[in-house]
Structure formats: structure tokens, C-alpha cells
Amino acid sequence: RLFVFSSLESKCRVDGLGRILMSASMRAEDLAEELESDGGKISETARERSACAQETGRRERLLSEKIGIDNLFSDPEIRSETSYLKFLEELENHEEIKSYLREDPDKRSVPIRIQSGNRRPKVSLHKEMGILSMSVDCTPEKVLQLLKQRGDEARFLHQKYVQEHRNKESNEMDTKRTLKLQGLRIGRGANDVQMKDCCQRLLWLPKRDIDVFDGLKIIICDNYEVLNNGEVRIPWNWK
């Protein structure tokens with residue numbers, strides 16, 4: 001069983017992945033009481049949903065290979081719902097989608113996210129990541145229509161995002177390796193652009209100054225501070 005503590009939760013519940021969610025302030029004795037109530041029903045529900053979610057994940061992978069969609073995934077809340085299993089089955093049997101993706105293989109890379117039928121809007125395109133989101137009650141015909149109408153835009157945005165993310169990771173890895181840092185991450189008060197700028201300036205440090213960073217865990221943020229766990233916070237626009 002996987003337990004997730006969150007400040008957004010007020011009581012114990014099981015999500016679509018079979019994880020037991022609970023309040024971050026819940027006491028150990030209250031948790032034990034919740035798990036034992038109703039004859040351990042919450043634990044049994046978690047096991048059932050976890051097994052169902054794993055089977056759904058396996059079907060997602062097989063379906064992606066069979067119909068030619070490289071990035072098909074769903075929100076955790078629907079992974080163990082029958083509506084999503086029905087959606088996958090209908091998609092698997094839709095020959096027109098398979099034929100379309102064979103004729104236009106570039107559309108295979110469009111990331112498709114299936115969400116709950118209660119979410120609004122029913123269809124949307126993430127303008128940064130290029131993820132095409134659609135409701136679980138969309139028909140295969142609707143999926144095909146969306147690929148034809150918005151597939152090129154989604155693919156362009158997704159490729160752009162992946163390249164920018166790859167450059168960001170490369171920049172951070174170079175900084176960790178050159179300065180021999182034990183850790184490097186972004187913190188409060190800094191964004192990705194500022195993180196990139198800070199890392200680039202760290203890479204330009206004279207060799208005589210690099211040794212002072214050896215073994216440190218650095219947090220790029222908006223102020224200077226040494227934390228109790230040994231991490232060192234530095235502002236992104238350090239001088």
C-alpha cells in the first residue's frame with residue numbers, strides 16, 4: 001500500500017491509482033483507526049484499484065503500440081474506472097485511426113491525455129507542452145477529428161517543449177558536474193529562465209573559485225541562506 005500525505009486532503013480516501021490519500025496533519029492513531037474501520041475496507045479498495053490501474057497501464061502500452069500513438073496516458077482518477085477501459089477498447093477497434101496514423105506517422109508523437117468526463121473544457125491543447133487533452137467520453141471519431149484538426153499544432157508545441165527541457169537538463173547537469181555539486185534544484189522565488197541564467201553564470205566562474213562548491217547542495221532561489229540540513233540557498237542573480 002502507498003500512502004500519500006497532502007494538505008489538500010481532509011480525510012482518508014483511495015484515488016484511481018490505489019493510493020491512500022490522507023491529511024498531512026493526520027495523527028498515527030487516527031490513521032490506524034481509519035484503516036481498521038469497516039473491516040479494513042479502505043485497504044481492500046486500495047488493493048483492488050491498484051491492481052486495476054496496473055492492468056490499465058499495461059493495456060495503454062499495448063494499445064499505443066497497436067494503433068500507433070506513442071504518448072497515450074490518462075489522469076490518475078480514471079485509471080480504474082470502467083469508462084476508461086471502454087474508451088480504450090473502442091479506440092483499439094477503430095481501423096480508421098490506425099490507417100490515418102500509418103499514412104501520417106508524424107501524428108504518432110502527439111501526446112494524448114484522457115481526463116474525467118466531468119472536467120471542463122472537454123477538449124483542450126496545452127499551449128506550452130503540446131498535450132492534447134480530451135474527455136473519456138470522446139468517441140474514436142472525435143479523437144480522429146482532433147488529430148486531423150490540431151495534431152500539427154500539438155506536435156510542434158510538444159517538440160519545442162521537449163527540446164527546451166532537454167537543453168535545461170543539459171545545462172543543469174553541466175553545472176553539477178563542473179562544480180562537483182551533490183545537489184542542484186530550483187527553489188522559491190526563481191523560475192526556469194532564471195535557473196538557466198544562474199547555471200550559465202556558475203559555469204563561467206574562474207577555476208580558482210570552483211573548489212568552494214565541491215560537495216554542496218545548492219538551491220537556486222531569491223535569497224542567501226544555509227539550511228539546517230546543509231543545503232545552501234543562493235539567489236539566482238547572485239553577485
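What follows is a working chat about a predicted model.

Colleague: Before I set anything up, how many disulfides are there in the whole structure?

Modeller: The model is predicted, and a search of the whole structure turns up 0 disulfides. Take C199: the nearest cysteine sulfur belongs to C198 and is 5.7 Å away, and C199 is in no disulfide. The cut-off for a disulfide is 2.5 Å between the sulfurs.

Colleague: Is C199 buried or exposed?

Modeller: C199 is buried, with a relative accessible area of 0%. For C52 the figure is 23%, so C52 counts as partly exposed.

Colleague: How do β6 and β7 pair?

Modeller: Antiparallel, over 3 bridges. S124 has S133 in β7 as its bridge partner.

Colleague: Which peptide bond is cis around R120?

Modeller: The one from R120 to P121, with omega near 0°. P121 is in the loop between β5 (112–115) and β6 (123–125). For background, most peptide bonds are trans.

Colleague: Another proline, then. What does P76 touch?

Modeller: G16, L17 and R19, once neighbours within four places in sequence are set aside. P76 belongs to the loop between β4 (72–74) and α3 (82–92). With 34% relative accessibility, P76 counts as partly exposed.

Colleague: How far is P76 from L62?

Modeller: They're 18 Å apart, C-alpha to C-alpha, with a sequence separation of 14 residues.

Colleague: Switching to helices. How do α5 and α6 pack?

Modeller: α5 (residues 140–179) and α6 (residues 192–203) pack at about 35°, and their axes are 9 Å apart. The crossing of α5 past α6 is left-handed.

Colleague: Which residues make that contact?

Modeller: On the α5 side they are K168, N171, E172, D174, T175, T178 and L179. The α6 side gives D192, M195, K196, C199, Q200, L202 and L203. By type, the contact residues divide into 5 nonpolar, 4 polar and 5 charged.

Colleague: Where does K180 sit, and what's its phi?

Modeller: K180 is in the loop between α5 and β8, and its phi is near 55°, a positive value for a residue other than glycine. As a general rule, most residues other than glycine have a negative phi. K180 is exposed, at 53% relative accessible area.

Colleague: What's the order in the sheet with β8?

Modeller: The order is β8-β9-β11-β10, in an open sheet of 4 strands with mixed pairing. β8 (183–186) and β10 (225–226) are the edge strands, each with a single partner, so one side of each is left without a neighbour in the sheet. α6 packs on this sheet and touches β8, β9 (217–221) and β11, with its direction at about 145° to that of β8.

Colleague: How does β11 pair with β9 and β10?

Modeller: β9 and β11 run parallel, joined by 4 bridges, and C221 has P235 in β11 as its bridge partner. β10 pairs with β11 (residues 232–235) in the antiparallel sense over 2 bridges, where V226 stands opposite V232.

Colleague: What about the hairpin between β10 and β11?

Modeller: There are 5 residues between the strands, and G230 takes a positive phi near 95°.

Colleague: Last one: which way do the β11 side chains point?

Modeller: V232 and I234 point one way, R233 and P235 the other, and all are buried.

How values were computed: Residues are numbered from 1 along each chain as its sequence is written. This is a predicted model: local features need pLDDT of at least 70, side-chain atom pairs count only at pLDDT 80 or more; totals for chains, interfaces and linings use all residues. Side-chain values use heavy atoms; hydrogens and water are left out. Buried means under 20% relative accessible area, exposed over 50%, partly exposed in between (1.4 Å probe, protein chains only). Axes are lines fitted to C-alpha atoms, for helices over the stretch in contact, and angles run from 0 to 180 degrees between N-to-C directions. A crossing is left-handed if the near helix is turned anticlockwise from the far one by less than a right angle, and right-handed if clockwise. Contact means heavy atoms within 4.5 Å. Ala, Val, Leu, Ile, Met, Phe, Trp, Tyr, Cys and Pro count as nonpolar, Asp, Glu, Lys and Arg as charged, and the others, Gly among them, as polar. Two strands pair if DSSP finds at least two bridges between them.
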